[in-house]
Amino acid sequence: MMYAAVGLAALAALMPAARAVQLSTSELNKVYDVMNAICTQSWENGTKAEAILEWKYASLSVFSPADPIPLPSSLAAASIPEIMAIAHTTLDNRPATNTSAAARGGSPLLTDAAAGDPASLGITMLLADAASGGAQWNGISYGTAATDELNYLLYDVPRASNGAISHRTDEAQLWSDSVYMVPPFLAYYGALTANQTLVQAAYDQISFYRQALLQPTGLWQHIVYGSGTSDAGAWATGNAWAAAGIIRVLATLMRSDYADAMSDQRADLQNWAEGILGSAQSYITSSGLFHNYINDSSTFEDAASAALMSSVGLRLATLNLTDAYVDMSLTLLSAVGAHVNSSGYLTQVVNPKSFGEQGTASPEGQAFVLLAYSAFNEWEALGSPGNSSSSPLGKSGAAALGVSVGSLVAGIGTAVAWAVL
């Protein structure tokens, strides 16, 4: 574990969720608090950092319409304390060196059997570096730590034959999860440093992963290659990881200086994200969720993947690309809300550490709920484009924790109850 776990009552995660709920501000605060308490692993904390960014500091997110790149010169460490805290804990646990990468100057942010997961914290390091004016923590600057992580990915991690950076450290093995961890970091680093080659590399990595994992159904296989863990199925969370990673890279590209020059890449990224959503749409269950393996109805239903997938459809709308997946996203988000219990735990979830088994709690799932509501609130502030009269969610939502997306979400306050159809 990267961090010491913070204990909450174990039975809280097992409490039943109400059938129809109202995710009010106070209830989403509970989701947030649980997320903070139970995230311990590298990818969990990277996802938590992204959720905090979109939920509390939306103007700094790549989804903000207010020119989030370059970062504002007024950005200060005191203005993003939660992001700084994650950066500090990461550097407190960073290995002093990585001998296998020393020749290239690379070193991972954390010791991890997964090469891709620590990269999920790379954007946190870049934000901390900008906010602190290049300060150091635990003997290294945030920016240097981010650069070392970049070099580790580019030069030391094994690659598949098509050039895809492995998700694992010991062999070339591709996991769909990695699309959320690595390409967004590459794209953001490139956009901040005016390095189009890195932005292109983010696109290329998604393309390489898609080549290897795309199934005839249009869904993505979870894991391919290697001799270790295997999973040839269309894992719902894996497809959501991939779609959400793609939309983050697309948003970064749109906000960068290369949006016009890389219009073909932007079109591809949109098509690839839509491909996953469109292929998954027909598999939504009567209760509004996905099966843990999307096209395998013998597997249990999972609310975590539904939450993350709903965020992607709404982000396509907030980026003014298409509102074709709004109703799908609202259906998923409505069902997700029914599985948030009174303690703030998202229930009916896959065990994130054993992806074929149902779990009682999901650290990443808590973040997924906040990512979905961040997208929902911005979508609603834009006038709810694409909302049909038959939407199970309709005009409802919850205010973020004191967030403003520039002036975009000012005034969004109280959640309105809805019934889950």
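Colleague: Which residues of α7 are buried?
Modeller: We're looking at a predicted model, where local features need pLDDT of at least 70, side-chain atom pairs count only at pLDDT 80 or more, and totals for chains, interfaces and linings use all residues. Residues are numbered from 1 along each chain as its sequence is written, and side-chain values use heavy atoms, with hydrogens and water left out. Helices are DSSP runs (H or I, at least four residues; strands are E, at least two), numbered from the N terminus, and buried means under 20% relative accessible area (exposed is over 50%, partly exposed in between; 1.4 Å probe, protein chains only). On that basis the buried ones in α7 are Pro183, Pro184, Phe185, Leu186, Ala187, Tyr188, Tyr189, Gly190 and Ala191.

Colleague: Why is α7 largely enclosed, and which helices are included in what covers its buried residues?
Modeller: Nine of the 10 residues of α7 are buried, so the rest of the structure largely encloses this helix. Counting contact as heavy atoms within 4.5 Å, the cover includes α4, α5, α6 (178-181), α8 (196-213) and α9.

Colleague: And α4, which of its residues are buried?
Modeller: Helix α4 spans residues 122-132, and eight of its 11 residues are buried, so it too is largely enclosed by the rest of the structure. The cover over those residues includes α2 (42-56), α3 (81-92), α5 (142-156), α7 (183-192) and α9 (236-255). The buried residues themselves are Gly122, Ile123, Thr124, Met125, Leu126, Leu127, Ala128 and Ala131.

Colleague: Which residues with positive phi follow α4 and α7?
Modeller: After α7 comes a residue with phi near 55°, alanine 194. After α4, phi is near 70° in glycine 133.

Colleague: Is serine 384 buried or exposed?
Modeller: Serine 384 sits in the segment after α13 (363-381), and its phi is positive, about 55°, although it isn't a glycine. Its relative accessible area is 7%, so it is buried.

Colleague: How does glutamine 348 count in terms of accessibility?
Modeller: Look in the loop between α12 (326-337) and β7 (349-350). Glutamine 348 is another non-glycine with positive phi, near 55°. Its relative accessibility is 24%, so it counts as partly exposed.

Colleague: Where is proline 70, the one joined to isoleucine 69 by a cis peptide bond?
Modeller: Omega of that bond is about 0°. As for its place, proline 70 lies in the loop between α2 and α3.

Colleague: What class of residue makes up the contact of α12 with α13?
Modeller: The axes (lines fitted to C-alpha atoms, for helices over the stretch in contact, with angles from 0 to 180 degrees between N-to-C directions) come within 11 Å and cross at roughly 130°. Val326, Leu330, Leu333 and Val336 of α12 meet Val369, Ala372, Tyr373, Phe376 and Trp379 of α13. With Ala, Val, Leu, Ile, Met, Phe, Trp, Tyr, Cys and Pro counted as nonpolar, Asp, Glu, Lys and Arg as charged, and the others, Gly among them, as polar, there are no polar and no charged residues here, and nine nonpolar.
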